[in-house]
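Dear colleague,

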Amino acid sequence: MTRFAAPLLSALLSLLLGACATAPVGVAQDAAAARPYADRAPASPAEASAKVHVDLGTAYLQVGRYDVALDEAAIALEDSPSYAPAFHLRALVYMMVGDEAKAEENFRRALAQAPGEPEFNNSFGWFLCIQGRETEGLERLALAARNPYYRTPAYPLSNAGLCYLRLGDTAAAVTHFQRAVEADPGNAVALFNLADIAYRQGDFVTARTHLIRLHQQSEPTAESAWLGLRTERRLGNTEAEASYAAQLRSRFASSPQYQLMLQGKYE
């Protein structure tokens with residue numbers, strides 16, 4: 001079933017935890033209190049220069065220029081050979097191009113320098129989840145989410161929800177998506193997945209409520225418009241169903257969801 005991209009990816013490319021609240025093996029418990037690199041002043045002129053190149057490389061990553069992003073990471077490491085965000089940038093690039101071995105190597109090099117950095121733990125946690133190492137990934141995501149200095153805990157919380165869905169644990173997924181929405185009421189990943197789960201469970205009123213909140217915060221996607229159409233169809237709201245159909249027709253005519261609508265394949 002198609003879902004929104006994980007928060008890490010949507011952020012880069014547009015991204016007290018119950019059962020997963022233990023620190024990863026080999027990471028000190030007090031590492032969770034580490035301040036993010038984004039909130040620190042560079043420690044030296046060399047690190048300041050490295051930061052400029054990492055920021056530039058991240059911008060290139062966001063527009064799919066992975067080669068240039070790697071070049072900027074390399075320049076940053078020439079300026080400051082142990083600068084952890086440069087290794088993290090490399091890891092993200094290799095993750096995007098599908099080189100899992102180099103991605104993990106660079107995630108671990110970044111975390112060796114900054115084991116409590118929440119952004120690193122969030123992205124590495126999601127990487128582990130999509131590699132089929134969900135238990136390890138959930139531990140990393142928990143470490144990121146409980147960091148009191150992290151400004152975007154909704155990212156690891158919603159990533160954890162997606163990770164639990166991969167494990168087939170819908171109840172835990174719902175809990176984490178709900179916590180993500182508490183942390184960030186406009187979190188699109190969490191709202192969409194809460195709506196999707198409610199729809200699949202036959203709770204169409206709740207699905208509709210989450211979709212309304214989602215579309216108040218962000219523009220519909222083909223996936224969310226299609227879910228909205230089917231939800232309103234189930235509720236017998238023909239006017240709202242027609243509105244979603246019009247959006248699919250005018251904005252997403254090349255999408256698989258529009259083709260399913262034309263074929264009348266609503267389930």
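Leaving aside neighbours within four places in sequence, Val174 is in contact (heavy atoms within 4.5 Å) with Leu194 and Ile197. Val174 belongs to helix α9 (residues 170-183); helices (H or I, at least four residues) are DSSP runs, numbered from the N terminus. With a relative accessible area of 19%, Val174 is buried, a term that stands for under 20% relative accessible area with a 1.4 Å probe, protein chains only. The C-alpha atoms of Val174 and Asn193 are separated by 8.3 Å, the two residues being 19 apart along the chain.

Please note that this is a predicted model, in which local features need pLDDT of at least 70 and side-chain atom pairs count only at pLDDT 80 or more, while totals for chains, interfaces and linings use all residues. Residues are numbered from 1 along each chain as its sequence is written, and side-chain values use heavy atoms, with hydrogens and water left out.

A search of the whole structure finds 1 disulfide, defined as a pair of cysteine sulfur atoms within 2.5 Å. The bond joins Cys129 to Cys163, with an S to S distance of 2.0 Å. Distant parts of the chain are linked in this way: Cys129 lies in helix α6 (residues 118-130) and Cys163 in helix α8 (residues 154-167), 34 residues apart. The torsion about the S-S bond of Cys129 and Cys163 is about -100°, so the disulfide is left-handed. Cys129 is buried at 0% relative accessibility, and Cys163 is buried with a relative accessible area of 0%.

Helix α2 (residues 45-62) packs against helix α3 (residues 66-79) at an angle of about 170°, with their axes 8 Å apart. Axes are lines fitted to C-alpha atoms over the stretch in contact, and angles run from 0 to 180 degrees between N-to-C directions. The two helices are therefore roughly antiparallel, the word used for angles over 145 degrees. Residues making the contact include His53, Leu56 and Tyr60 of α2, and Tyr66, Glu72 and Ile75 of α3. The contact residues divide into 11 nonpolar, 3 polar and 2 charged; Ala, Val, Leu, Ile, Met, Phe, Trp, Tyr, Cys and Pro count as nonpolar, Asp, Glu, Lys and Arg as charged, and the others, Gly among them, as polar.

Finally, Met261 touches Trp226, Leu229, Ala245, Leu248, Arg249 and Tyr266, not counting residues up to four places away in sequence.

Yours sincerely

Note on methods
Buried means under 20% relative accessible area, exposed over 50%, partly exposed in between (1.4 Å probe, protein chains only). Angles under 35 degrees count as roughly parallel, over 145 as roughly antiparallel, 65 to 115 as roughly perpendicular and the rest as oblique.
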